[in-house]
Amino acid sequence: MFKKFIIKKELILERRNNTSLFLITPTMIVLITVFPILIENRFKVHNDLFTVVELMYLIIFSTLFSIRNPLDETILQRELNFASIKVRDYFFNKTLSELIIFLPQLLLMTFLFKILTNTSLTPNILYFLATLLFFSLNSIMINLFFQFFTAFNSRFVQFTLITPIYIGLTILIAPIWLGVNLEVSNIYLIMYIGITLITYSFTNFYLREV
């Protein structure tokens with residue numbers, strides 16, 4: 001299942017892509033840098049407001065990630081047939097390569113946001129990292145599912161359909177990041193794990209039909 005050359009190819013293509021995250025991330029960082037400068041009377045602004053804004057940045061960043069490089073199903077299928085690679089194996093390695101690209105830059109963006117806005121992490125840093133990991137996995141799998149199994153070639157259509165899903169994923173993050181008690185955080189984290197398993201199982205079901 002693990003194909004090292006697919007991951008290497010995806011990383012090289014990402015670096016050469018004109019709409020790569022390597023260009024999107026610096027743009028988002030500039031926006032993050034400007035945001036606290038525009039805030040007047042910083043001492044009067046509650047941390048919860050910055051958390052809500054950070055979640056908005058998370059949605060924007062994930063949406064840009066999803067629509068940056070749509071797959072060409074015809075070309076992809078031809079390449080997979082030529083190399084005798086199963087779609088399921090490609091999906092697994094594509095997901096892994098996207099995670100390698102996406103998660104570190106997402107971590108960079110969130111930590112930089114907290115430094116520049118002088119806001120603290122959630123009470124439990126492990127929960128914070130776990131929510132980002134599960135959010136990244138769900139975002140990647142949902143994005144690839146749309147690209148594999150739908151005929152929507154328009155990026156605007158993808159944006160319209162995917163953004164509400166990402167908003168729903170961030171709603172589950174919000175209580176944990178806003179600092180609810182540990183018991184409630186555990187419930188939301190278990191819900192996130194369940195959603196991740198459902199997304200993976202749902203995608204796996206469709207991959208078996210290919």
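Is Phe202 buried, partly exposed or exposed? You will meet the answer in Exercise 4. Remember as you work that this is a predicted model.

**Exercise 1. Describe the overall make-up of the chain.**

*Solution.* 
Step 1: Start with the elements. The chain has eight helices and zero strands, so reading from the N terminus gives α-α-α-α-α-α-α-α.
Step 2: Look at burial. The chain has 210 residues, and 44% of them count as buried.
Step 3: Consider the contacts. Take those between residues at least 6 apart in sequence: 82% of them join residues at least 24 apart.

**Exercise 2. Find where the predictor's confidence is highest and where it is lowest.**

*Solution.* 
Step 1: Begin with the whole chain. Its mean pLDDT is 76, and 76% of the residues reach 70 or more.
Step 2: Now go to the helices. Confidence is highest in helix α6 (residues 125-149), with a mean of 85, and lowest in helix α2 (residues 21-38), with a mean of 64.
Step 3: Draw the lesson. Where pLDDT is low, the predicted coordinates should not be read in detail.

**Exercise 3. Which residues form the nonpolar patch on the surface, and which helix gives the largest share?**

*Solution.* 
Step 1: Name the members. Phe111, Ile125, Leu126 and Leu129 make up the patch, and together they have about 340 Å² of accessible area.
Step 2: Find the main contributor. Helix α6 supplies three residues, the largest share of the patch.
Step 3: Check one member. Ile125 is found in helix α6. Its relative accessible area is 40%, so Ile125 counts as partly exposed, the class between 20% and 50%.
Step 4: Besides being in the patch, Phe111 forms one aromatic cluster with Phe128 and Trp177.

**Exercise 4. Describe two of the aromatic pairs in the structure and classify each one.**

*Solution.* 
Step 1: The structure holds six aromatic pairs.
Step 2: Take Phe134 and Tyr192. Their ring centres are 6.5 Å apart and their planes lie at 20°. Planes under 30 degrees apart count as stacked, so this pair is stacked.
Step 3: Phe134 is in helix α6 and Tyr192 is in helix α8 (residues 182-209). The two residues are 58 residues apart, so the pair links distant parts of the chain. Both Phe134 and Tyr192 are buried.
Step 4: Take Phe145 and Phe202. Here the ring centres are 5.3 Å apart and the planes are at 50°. That angle falls between 30 and 60 degrees, so this pair is tilted.
Step 5: Work out the exposure of both partners. Phe145 has 17% relative accessibility, so it counts as buried, being under 20%. Phe202 has a relative accessible area of 42%, so it is partly exposed. That settles the opening question.
Step 6: Phe145 and Thr199 are 54 residues apart in sequence, while their C-alpha atoms are 9.5 Å apart in space.

**Exercise 5. Is Asn143 buried or exposed, and which residues does it touch?**

*Solution.* 
Step 1: Locate the residue. Asn143 is found in helix α6.
Step 2: Asn143 has 1% relative accessibility, so it counts as buried.
Step 3: List the contacts. Leaving out residues up to four places away in sequence, Asn143 touches Phe65, Ser66, Glu98, Ile162 and Tyr166.
Step 4: Asn143 and Ile162 are 19 residues apart along the chain, with their C-alpha atoms separated by 7.5 Å.

Terms used
Residues are numbered from 1 along each chain as its sequence is written. This is a predicted model: local features need pLDDT of at least 70, side-chain atom pairs count only at pLDDT 80 or more; totals for chains, interfaces and linings use all residues. Side-chain values use heavy atoms; hydrogens and water are left out. pLDDT is the predictor's confidence in each residue, from 0 to 100. Helices (H or I, at least four residues) and strands (E, at least two) are DSSP runs, numbered from the N terminus. Patches are made of residues with over 30% relative accessible area and no salt bridge: like charges are joined within 9 Å, nonpolar side chains (Val, Leu, Ile, Met, Phe, Trp, Tyr) within 5 Å. Accessible areas come from the Shrake-Rupley method with a 1.4 Å probe; for residues, only the protein chains shown count as cover. A salt bridge is a side-chain nitrogen of Lys or Arg within 4 Å of a carboxyl oxygen of Asp or Glu. Buried means under 20% relative accessible area, exposed over 50%, partly exposed in between (1.4 Å probe, protein chains only). Contact means heavy atoms within 4.5 Å.
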